[in-house]
Amino acid sequence: MPSIALGAAEDDCSRWGSSGSWFGATLGVFTESTRAERWKFGDYCFGHIYLRFNTSVIPPGATLTSAKLWFYTTNITDMQGYSLYGEYFLPASWPPVATDFALESAADALTVANPIAEGVWHSPSLTNLGSISRDDYTGLRMTLGTGTPADVTMDLVDFDWYENGSGKAPYLEVEYAGVAKLAMFVR
Amino acid sequence: MVINETSERVKIGPNKYRVTTAVGPRFYHDGIWKTIDPVPVLNSGWYEMTKNKFQVRQNAADASWEWTYRGKTVIGSFVGLGWLNISTKVRQIAAVPQTVTPVQTGNLLTWPGYFGAGLDLVWRYNGIGCKQEIVATQAGRASLGAPPWGAAGTAIVIVERLVLPSGALRYLEGEWDGVNPFETDSVIRLEDDGGILARFSIDKAYNEATPPAQVTLLKRLVLESGHIYLASGQRVSTLTTALGSGTWRLDPSIEVE
């Protein structure tokens, strides 16, 4: 059944299954779901959340003092105790394509340590604020855990997503010191 | 202060500001910036979502709907569960939809048993549009009985008819002659004079069982009797296989016939 819309929200996810996994050797992108996962079923399966924010609204000369990613967790399955990692990553196109995935995260943007609470807002602070664009989008790729799962266990984290319409979709909060006003000197 | 559809800025101190920016629109411009409210309001037999740059209303009695944007309206009504025969003609499984009373929970409208017992129609309103789902329970699958096309049959579809403003349809990300069935993997746009009037996304279906399984849906557009028919489903041999175990959500997909 169709969804009717004027555009697409900028919170998507992808799923990758290695050969012999439950999914088979497949890659897929989901535009109406936001799930990060890492688990073993047959072989290994991974999923990433992609977020994109229009940060060109920040003045070019502003000094960023802090930034937080706000997201609401709707579903958590925690069997291996994975933490959630975020890295700065802006896909070449939107929505992302399946090959934008990465097995491991650089975690240069944020970390949410395990255990991750379900049904609450999270607001981890972002590091490396210089990676937040002033003239374009800023992208984040969220990855759950590192390494290969050791057993037939599943970890997953679902964010509430925009098309759900609940008003709990992810957003970025950035604080900055404004650009100094131009001074006019008259002799 | 609202900056654009997704962002606003507040002053938090001398020369200090906080900007919040979301992954989708939070505001719309109607002379001044206003906050989007995706919760439909019942008004004279119609559920209406009007606090946005587009308007949607849905008839409480039969779930037919109207989408209005840029002064043009697309009208949709459900024909019912059906299937495609070998010549890709829509054939109805049963005389559905049913006449049921919708239940509203915030931005969700649910017509329990709309497609038959255990086969609910769900509309989910959000800031950029509306999403339709059919949620099938075990009771719903059982109520459908044996599939009408037999073990060697073709497909399950959920059929919806669209009435478009005159001249509104240009297709789309690909070429469609408006006559022959069309299949696509991405997005179908209805355009009017170069502007997007509405957009239908074609996503995958998934099974909410553990682990969730992704399903490739049929994607086809067909024009029949002067109307465009939208449908979605999977190419399977039996209905029970198509609906699987647990609760299935057939997410956005399209066929037009």
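Predicted model: local features only at pLDDT ≥ 70, side-chain atom pairs only at ≥ 80, totals over all residues.

Colleague: Which residues does a cis peptide bond join in chain A?

Modeller: As a general idea, most residues other than glycine have a negative phi, and most peptide bonds are trans. In this structure, a cis bond links Trp94(A) to Pro95(A), with omega about 5 degrees. Pro95(A) sits in the loop between strand S7 (84-88) and strand S8 (110-112) of chain A. Another cis bond links Asn114(A) to Pro115(A), with omega about 0 degrees. Pro115(A) belongs to the loop that runs between S8 and strand S9 (121-122) of chain A.

Colleague: What is the phi of Asn128(A), and where is this residue placed?

Modeller: Asn128(A) is not a glycine, yet its phi is positive, near 50 degrees. Its place is the loop between S9 and strand S10 (137-144) of chain A. Asn15(B) is found in the loop between strand S1 (7-13) and strand S2 (16-22) of chain B.

Colleague: How many residues has the largest nonpolar core, and which have the most contacts inside it?

Modeller: In soluble globular proteins, nonpolar side chains tend to be buried together. Here the largest nonpolar core has 40 residues, and those with the most contacts inside it are Ala36(A), Ile49(A), Leu84(A), Ala169(A) and Val23(B). Apart from this core lies another, of 25 residues, including Trp65(B), Val74(B), Trp123(B) and Cys130(B).

Colleague: With which residues is Val23(B) in contact, leaving aside its neighbours within four places in sequence?

Modeller: Among them are Ala9(A), Leu51(A), Phe53(A), Tyr162(A), Ala169(A) and Tyr171(A).

Colleague: Into which domains is chain B divided?

Modeller: Chain B consists of domain 1 (1-35) and domain 2 (36-249). Where they meet, 7 residues of domain 1 are in contact with 7 residues of domain 2. On the domain 1 side, strand S3 (27-30) and strand S4 (32-35) of chain B each supply at least two residues. By class, that side has 3 nonpolar, 2 polar and 2 charged residues.

Methods. Residues numbered from 1 in each chain as written. Chains lettered and ligands numbered in written order. Helix = DSSP H or I, 4+ residues; strand = E, 2+ residues; numbered from the N terminus. Core = buried A, V, L, I, M, F, W, Y, C linked by C-beta atoms within 7 Å. Buried ≥ 20, exposed ≤ 12 C-beta atoms within 10 Å, placed from the backbone. Contact = placed C-beta atoms within 7 Å. Domains from an automatic or database assignment. Nonpolar A, V, L, I, M, F, W, Y, C, P; charged D, E, K, R; others polar.
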